[in-house]
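Here is a short tour of one model, written for someone who likes to know the cut-offs. Have the viewer open and follow along.

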Amino acid sequence: MPAVLFRTDNDSPDQWREALTKRIPDLDFRVWPDIGDPEDIGFALVWKAPAGAYQGMTNLKAICSLGQGVDHIFAEPNLPEGAHILRIVDPWMAQAMAEWVLLQVLRFHRQGMEYEQFQREKRWAKLPAPETSTRRIGILGLGALGAQAATTIAALGFDVAGWSRTRKEIEGVRSFAGEAEFDAFLARTDILCCLLPLTPETTDIIDAGTLAKLPKGAFVVNSGRGAQLVEEDLLAALDNGHIAGAALDVFRTEPLPADHPFWDHPKVQVWPHVSAQTNAESGADQVAENIRRIFAGEQPVNTVSRERKY
Ligand code: NAP
Ligand code: GLV
């Protein structure tokens with residue numbers, strides 16, 4: 001059987017080795033840098049492998065992301081032609097992400113930022129109670145993660161819309177599609193939540209122009225990828241009061257540098273890329289199934305389009 005390469009700067013290999021060998025007992029699981037002959041590798045399980053990572057792997061049939069996003073795979077300038085690009089699509093992660101996005105929506109909706117400030121000032125003060133049905137939530141991306149976040153939030157009675165490349169039919173969620181409907185989507189969004197994959201089309205998508213099209217006092221939540229947000233533009237919009245607050249789980253540079261203005265900004269909450277962490281036990285069935293399929297010459301599941309890059 002060909003070997004499986006495991007290469008990540010994010011996780012220890014132990015949980016994945018255990019979870020995969022439980023499912024494929026004779027698995028030849030090789031952890032970078034002890035990979036032996038690169039020609040033995042038939043399947044690569046990676047997260048942010050550096051450029052040139054697949055050199056000499058002439059028998060590589062598939063590269064699978066150790067997460068739902070695959071932008072780190074497409075960052076490789078010499079991606080082996082013909083290898084399938086795969087990802088994890090895990091309901092456990094979709095649940096985690098829906099919880100995290102809901103947490104941010106509820107904090108902004110229920111004036112959490114303001115009451116946290118009142119507490120710092122030891123001030124007992126009341127604001128007018130907010131109305132759920134008129135709070136407009138906008139989800140950028142209605143895929144595996146965005147669709148579940150949208151339905152979770154809609155179930156509480158918020159006015160929810162989503163924006164995607166193609167039109168969706170999701171109960172309780174108004175669908176906006178394509179560039180032509182982007183501005184209308186923004187104009188009706190009080191809390192913008194980004195769950196887009198990072199591609200050439202979505203890089204810098206939340207910039208000064210996009211922020212200006214949101215209503216004054218809107219909030220921004222980003223758990224897609226850091227490079228989708230132009231950080232200086234968000235800072236300017238927070239400082240001039242057009243944007244009221246932001247909750248960010250992803251950043252252009254991770255870990256967020258110690259001198260980054262987001263750390264101390266009173267209107268920004270920083271999370272260390274944890275909104276939906278990969279879970280070896282819940283993800284292992286599909287990865288093991290894909291290893292089996294790839295080595296049997298069958299069509300894998302959870303494939304990614306090289307053309308669309310997601
Ligand atoms: P997905 O299933 O591939 O869904 C992507 C969605 O984005 C789809 O609805 C797609 O539209 C839409 N989209 C893509 N490009 C677009 C464009 N140019 N214009 C409009 N809509 C566009 O992805 P997913 O599994 O939901 O994951 C989304 C992203 O979340 C990942 O790529 C990753 O960056 C991020 N993520 C973050 C964390 C974290 O912990 N922070 C964890 C997991 C994932 P169509 O449906 O019309 O194609
Ligand atoms: C995490 O960011 C992922 O893409 O799974």
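Which residues are exposed on the other side of α8? They are Glu232 and Asp239, where exposed means over 50% relative accessible area, buried under 20% and partly exposed in between (1.4 Å probe, protein chains only).

A word on conventions: this is a predicted model, in which local features need pLDDT of at least 70, side-chain atom pairs count only at pLDDT 80 or more, and totals for chains, interfaces and linings use all residues. Residues are numbered from 1 along each chain as its sequence is written, chains are lettered from A and ligands numbered from 1 in the order written, and side-chain values use heavy atoms, leaving out hydrogens and water.

Back to α8, residues 231-239: Glu231, Leu234, Leu235, Ala237 and Leu238 are buried there. These residues sit on the same side of α8 because they cover an arc of only 165° around the axis, taken from the directions from the helix axis to the C-beta atoms. They pack against α7, β10, β11 and β12, with contact meaning heavy atoms within 4.5 Å. Just after α8, Gly241 has a positive phi of about 85°.

Elsewhere, five strands make an open, parallel sheet in the order β2-β1-β3-β4-β5; strands pair if DSSP finds at least two bridges between them. β2 and β5 each have a single partner strand, so one side of each lacks a neighbour in the sheet.

Two helices lie across this region, with angles from 0 to 180 degrees between N-to-C directions of axes fitted to C-alpha atoms, for helices over the stretch in contact:

| Helix | Residues | Lies across | Angle |
|---|---|---|---|
| α1 | 13-23 | β1, β2 and β3 | about 175° to β2 |
| α9 | 280-295 | β1, β3, β4 and β5 | about 150° to β3 |

Helices (H or I, at least four residues) and strands (E, at least two) are DSSP runs, numbered from the N terminus.
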